[in-house]
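Trainee: I would like to learn how to read a structure like this one. Could we take a few features in turn?

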Amino acid sequence: MRDTIRQALRDRAAVSAPIKNLINIALDEMDALTRLRDSSSRNMQTDVNNLTRELRKKYFIEENAARMVIESIAELLGYVPPADCETCAPLISVDSPEINEVVIFGDYTWRVLDIQDDKALLLSTFIMEQRAYHPCYEGVTWETSKLRAYLNGDFIERFDEAEKGHIVETLLNNPPNLWYDINGGSETRDRIFILSLEEVDKYFGDSGDYANKRRKKYDGGKWVSDDNGWILSNEFDNSRVAEHNGLASFWWLRSPGYSEYTIAYVSTTGNIPLNGDRVCIGRGGVRPAMWARLATVEA
């Protein structure tokens with residue numbers, strides 16, 4: 001399909017050397033075809049805008065040419081974004097959102113996990129993308145991870161200036177893994193982040209299983225209690241399941257696993273392997289979280 005779209009773009013565009021080069025950059029270096037096809041955004045125009053902005057800024061491309069190529073890829077792909085959430089209201093227009101309510105912020109849907117004063121803790125309803133927690137297999141904490149840098153860098157640029165004005169910089173505690181006593185790193189200040197082990201246990205059932213080390217292991221076809229187990233699993237597993245492109249996928253937490261080279265995560269079935277997986281696994285799901293101010297903020 002990539003070569004077919006490449007040729008179709010050249011047939012409809014002025015086939016000058018700069019345009020050929022731009023088409024190759026969009027398809028090969030940026031992988032715009034895959035990113036449009038696999039997008040979990042609610043809005044095609046947002047996806048086009050984001051890729052156009054990236055193409056323009058990263059490669060110093062004139063905006064009209066960049067937009068022409070990205071819009072053409074979307075059109076040739078027959079791209080149809082996931083259906084809008086017709087029952088959801090924009091976060092900043094909701095008088096008093098409720099816990100677990102799904103709201104719209106930016107061009108995405110979010111679940112309200114907590115409300116404190118004039119701000120709400122939001123978690124993306126779907127896995128927005130898949131990427132490594134950190135590109136290299138090395139010891140890393142949330143503070144030093146490339147995922148943190150990405151979420152507070154390129155990712156936050158998906159929001160306009162008015163929306164950014166609602167995203168609150170938050171002091172995050174990054175405690176050690178209580179089951180394996182692995183250091184979680186220093187406190188950080190972030191606007192976009194992912195949940196910790198403490199937070200995912202609290203906001204999905206508040207069972208206390210993590211803090212009290214109620215371990216399980218797989219035995220005889222089911223998870224059973226065991227002091228040497230590595231899994232947190234309970235009646236709230238189903239509520240933690242998240243999808244990427246319609247299929248359940250595991251998603252990263254920001255807490256360490258059994259070593260500084262691993263990170264805890266939520267599995268495809270919603271249980272939580274506390275031993276984690278390698279930080280460099282590229283298929284890890286990203287569910288961004290943020291504290292967003294409910295009151296109107298001047299951009």
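This is a predicted model: local features need pLDDT of at least 70, side-chain atom pairs count only at pLDDT 80 or more; totals for chains, interfaces and linings use all residues.

Trainee: At what angle do helix H1 and helix H2 pack?

Mentor: Two packed helices are described by the angle between their axes and the distance between the axes. Helices (H or I, at least four residues) and strands (E, at least two) are DSSP runs, numbered from the N terminus. Axes are lines fitted to C-alpha atoms, for helices over the stretch in contact, and angles run from 0 to 180 degrees between N-to-C directions. Here, H1 (residues 2–12) and H2 (residues 17–29) pack at about 155 degrees, with axes 10 Å apart. That makes H1 roughly antiparallel to H2 (the term applies to angles over 145 degrees). Contact means heavy atoms within 4.5 Å; among the residues that meet are Ile 5 and Leu 9 in H1, and Ile 23 and Leu 27 in H2.

Trainee: Is Arg 240 buried or exposed?

Mentor: Buried means under 20% relative accessible area, exposed over 50%, and partly exposed in between, using a 1.4 Å probe and protein chains only. Arg 240, in helix H9 (residues 237–240), has a relative accessible area of 0%, so it is buried. The side chain of Arg 240 reaches the backbone oxygen of Gly 270 at 2.7 Å. Beyond four places in sequence, its contacts include Trp 251 and Arg 287.

Trainee: Where does Arg 287 lie?

Mentor: Arg 287 is in the loop between strand E18 (285–286) and strand E19 (289–293). Its relative accessible area is 5%, so Arg 287 is buried as well. A polar atom of its side chain lies 2.8 Å from the backbone oxygen of Ser 124, and the side chain also reaches the backbone oxygen of Thr 125 at 3.5 Å. Arg 287 and Glu 129 are 158 residues apart in sequence, yet 7.9 Å apart in space, C-alpha to C-alpha.

Trainee: How many disulfides are there?

Mentor: A disulfide is a covalent bond between the sulfur atoms of two cysteines. The rule asks for a pair of cysteine sulfur atoms within 2.5 Å, and the count is zero. For Cys 136, the closest cysteine sulfur is in Cys 280, 8.2 Å away, which is too far for a bond. Cys 136 is partly exposed at 39% relative accessible area, and Cys 280 is partly exposed at 25%.

Notes: Residues are numbered from 1 along each chain as its sequence is written. Side-chain values use heavy atoms; hydrogens and water are left out. A polar contact is a pair of N or O atoms within 3.5 Å; within protein, one must be able to donate a hydrogen and the other to accept it, and residues adjacent in sequence count only if both atoms are side-chain atoms. Angles under 35 degrees count as roughly parallel, over 145 as roughly antiparallel, 65 to 115 as roughly perpendicular and the rest as oblique.
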